[in-house]
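Please read the points alongside the sequence and the coordinates.

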Amino acid sequence: MDVTPHCGPRRVIGYWMSEKKSQKLNWSEFSKVCRKHGFELVKLNLNACLEDQGPFTVIIHKLTDIIASAVRNDIKAIKMLQHVENYIKSNPEVVIIDPVENVRKLLDRYRTYGVINDSDLHKIDVFTPPFVDLTSNDPAVNLETLKRSGVCFPFVCKPLVANGTDCHKMAIVFNEKGLKDCSPPCVAHSFVNHNAVLYKLFIVGNEYHIAERPSLKNFYPDPDRKTIHFDSHDVSKPDSSSSLSVMDDVETTEENQNVDPEKLKQIVSILHEELGMNLLGVDVVVENTTGRHAIIDINPYPGYDGYPDFFESLMRCIKNCIEHKTHQTIFPEQEQEDSGFETADSSDEKKRRTSPPMLGSKVYERRL
Ligand SMILES: Nc1ncnc2c1ncn2[C@@H]1O[C@H](COP(=O)(O)OP(=O)(O)OP(=O)(O)O)[C@@H](O)[C@H]1O
Ligand SMILES: O=P(O)(O)O[C@H]1[C@H](O)[C@H](O)[C@H](OP(=O)(O)O)[C@@H](OP(=O)(O)O)[C@@H]1O
């Protein structure tokens with residue numbers, strides 16, 4: 001443990017997250033940990049210029065809601081984000097956990113699944129189920145789109161944008177008749193049966209914790225079954241007890257496939273590198289018939305519920321990032337001018353991804 005008082009220049013960690021998130025994490029405790037390690041912890045005022053509040057050694061944030069609102073042209077959110085981005089631009093030495101561009105990418109479910117597809121995860125036989133973005137209100141058009149992309153029934157229909165109002169309202173669609181229940185823009189994600197068990201990988205830099213959670217029970221194609229609508233926040237929280245997680249009597253979990261801790265470790269290392277993110281939640285399920293591991297969701301700066309000694313782990317991560325800061329890769333300016341959510345197919349995504357190898361934190365092109 002580092003208890004040596006810090007004698008050099010003032011080291012300040014600026015942070016921003018919602019009050020709700022601060023309370024959930026018991027964030028005020030973190031200032032004690034910071035002091036112990038020679039840092040000051042200061043909350044950023046995003047309604048004012050950050051230059052007057054700094055200098056900051058590190059900025060740590062959960063700006064997902066603000067980024068998503070800015071994408072929807074909310075003027076207040078755009079201004080708040082500008083204060084952060086201007087500070088980062090004029091203070092390139094500051095460590096950002098995590099780069100706004102990389103977080104932005106994860107707010108688009110279609111892009112997130114595309115990154116998984118394009119990554120090295122296939123080398124360890126880890127996949128995300130077939131997916132496609134549905135942009136039409138015409139069920140016949142959507143049926144063709146699904147067929148072309150290999151998405152089959154049942155599938156989970158998820159809002160394209162992973163943040164904001166209604167982003168957790170999802171549907172399980174069993175047949176062609178159910179296609180009328182898809183409200184674009186959304187992503188259709190083939191359902192993987194996994195005996196109602198989900199593994200949350202909570203990642204902090206190169207450390208992680210695995211938490212087992214309830215999940216949706218097994219579902220099968222059914223020409224007559226009505227679409228099931230659900231709120232994703234009711235399913236896989238530590239205390240969730242959704243009826244959709246109760247396995248049918250006819251099914252047995254005796255043949256449960258085991259989760260492979262070594263594979264989870266490899267997932268952490270590949271995604272940490274691939275996404276250029278330190279604070280990540282990755283949701284993994286194990287396919288019941290094959291034992292293959294599938295990633296069904298990735299979240300920036302998740303809840304870390306049950307993570308042992310989270311603040312000390314975060315402090316190690318911060319110190320590592322400071323140490324490796326000199327390696328940070330920033331994308332050329334013109335890449336960052338683009339805006340708007342991704343709608344192209346995953347082969348386009350592949351072509352577009354021309355990022356240099358990652359050293360430290362990789363900053364992706366801006367798309368959202
Ligand atoms: N492809 C899939 N196959 C099987 N089950 C799935 C699939 N996608 C999602 N689920 C189930 O639906 C739940 C919610 O999905 P998902 O994690 O994508 O929602 P979310 O809104 O992004 O959740 P979070 O609260 O973590 O942000 C999962 O916990 C899992 O039980
Ligand atoms: O159970 P977890 O930690 O995965 O729950 C997360 C959830 O997955 C999302 O990351 C939430 O973020 P938003 O989608 O931005 O709401 C987290 O909410 P937060 O208030 O902790 O940021 C959940 O904790």
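1. By class, the shell around ligand 1 contains 9 nonpolar, 7 polar and 3 charged residues, where Ala, Val, Leu, Ile, Met, Phe, Trp, Tyr, Cys and Pro count as nonpolar, Asp, Glu, Lys and Arg as charged, and the others, Gly among them, as polar. The model is predicted, with local features needing pLDDT of at least 70 and side-chain atom pairs counting only at pLDDT 80 or more, while totals for chains, interfaces and linings use all residues. Residues are numbered from 1 along each chain as its sequence is written, and chains are lettered from A and ligands numbered from 1 in the order in which they are written.

2. Of the 19 residues around ligand 1, the nearest are Ser215, Ser232, Ser236, Ile296 and Asp297, a residue being near if its C-beta atom, placed from the backbone, lies within 6 Å. Strand β14 gives the most to this shell, with 3 residues; helices (H or I, at least four residues) and strands (E, at least two) are DSSP runs, numbered from the N terminus.

3. Around ligand 2 there are 13 residues, with Lys21, Thr64, Asn299, Pro302 and Gly303 the closest. The shell around ligand 2 has 1 nonpolar, 5 polar and 7 charged residues, and its largest share, 3 residues, comes from helix α1 (residues 19-25).

4. The contact between α2 and α9 is made by Glu29, Phe30 and Val33 of α2 and by Phe311, Glu312 and Met315 of α9, contact meaning C-beta atoms, placed from the backbone, within 7 Å. These residues divide into 4 nonpolar, no polar and 2 charged.

Note on methods:
Two residues are in contact if their C-beta atoms, placed from the backbone, lie within 7 Å.
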